[in-house]
Amino acid sequence: MHSNRLMPLAAAAAFLAAGAARAGEPKKTPELLAKGTASYEMNCASCHGPGGTGDGAAAAALNPKPTNLATGKLKGGDKPAQIFATLGKGVPGTAMIAFTYLPEEERWAIAYHVAALRNGAKGKKK
C-alpha cells in the first residue's frame, strides 16, 4: 500500500528534477541560433569543419581527430543541455578545451547550433 502512495510522489519528483535541469536553458530563438552559427564558425569550425563533420582545417594535425558533430556519437550526449555541458568541461584526452571563457549565452547558442547540425544530418538520411 505504501508503494502505491509513493508512485505519484516519485513521478512528481522526477518531473520537478527534469524542470530544474533545464531551468538555465534559454529559449531557442532565431537570434540565438544566428549567434550560435557565428560563434561556431569562429570557435569550432577550424577543427570540426563548417558542417560539423570533423574535417576542419586544423583537423589533420589533431590526434584524436575531432568528432563528427553532425552524425557521430557525442561523448557527453547530443541534447542541447549536454552539448552545453561539454562546452563547459571540454573533452579530456582531446584538443577539445573548455570554452568557459565564452559567456553562457554564447555557449548555449553554440549548443543549439550543434543540435541543429545533427537534426539537419538526420533529415538528410534516407
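Modeller: A salt bridge here is a side-chain nitrogen of Lys or Arg within 4 Å of a carboxyl oxygen of Asp or Glu. This is a predicted model, in which local features need pLDDT of at least 70 and side-chain atom pairs count only at pLDDT 80 or more, while totals for chains, interfaces and linings use all residues. Residues are numbered from 1 along each chain as its sequence is written, and side-chain values use heavy atoms, with hydrogens and water left out.

Biologist: Which elements make up the secondary structure of the protein, and in what order do they run from the N terminus?

Modeller: Helices (H or I, at least four residues) and strands (E, at least two) are taken as DSSP runs and numbered from the N terminus. On that basis the protein has five helices and zero strands. Read from the N terminus, the order is α-α-α-α-α.

Biologist: Which residues are linked in a network of salt bridges?

Modeller: D78 pairs with R118, their closest N and O atoms being 3.6 Å apart. D78 lies in the loop between α3 (45-48) and α4 (80-89) and R118 in helix α5, so this pair ties together parts that are 40 residues apart in sequence. D78 also forms a salt bridge with K79, where the closest N and O atoms are 3.8 Å apart. The network therefore consists of D78, K79 and R118.

Biologist: Is R118 buried or exposed?

Modeller: Buried means under 20% relative accessible area, exposed over 50%, and partly exposed in between (1.4 Å probe, protein chains only). R118, with a relative accessibility of 9%, counts as buried.

Biologist: How many residues apart in sequence are the parts that the pair of E105 and K35 ties together?

Modeller: The side chains of E105 and K35 meet in a salt bridge with an N to O distance of 2.7 Å. E105 is partly exposed at 44% relative accessibility, and K35 is partly exposed as well, at 34%. Because E105 lies in helix α5 (residues 104-124) and K35 in helix α2 (residues 30-43), the parts that they tie together are separated in sequence by 70 residues.

Biologist: What distance separates the C-alpha atoms of A111 and I83?

Modeller: A111 has its place in helix α5 and is buried, with a relative accessible area of 0%. Leaving aside neighbours within four places in sequence, A111 is in contact (heavy atoms within 4.5 Å) with P80, I83, F84 and L87. A111 and I83 are 28 residues apart along the chain, and their C-alpha atoms are separated by 5.3 Å.

Biologist: What percentage of the residues in the protein is buried?

Modeller: Among contacts between residues at least 6 apart in sequence, 50% join residues at least 24 apart. Of the 126 residues in the protein, the buried ones make up 34%.
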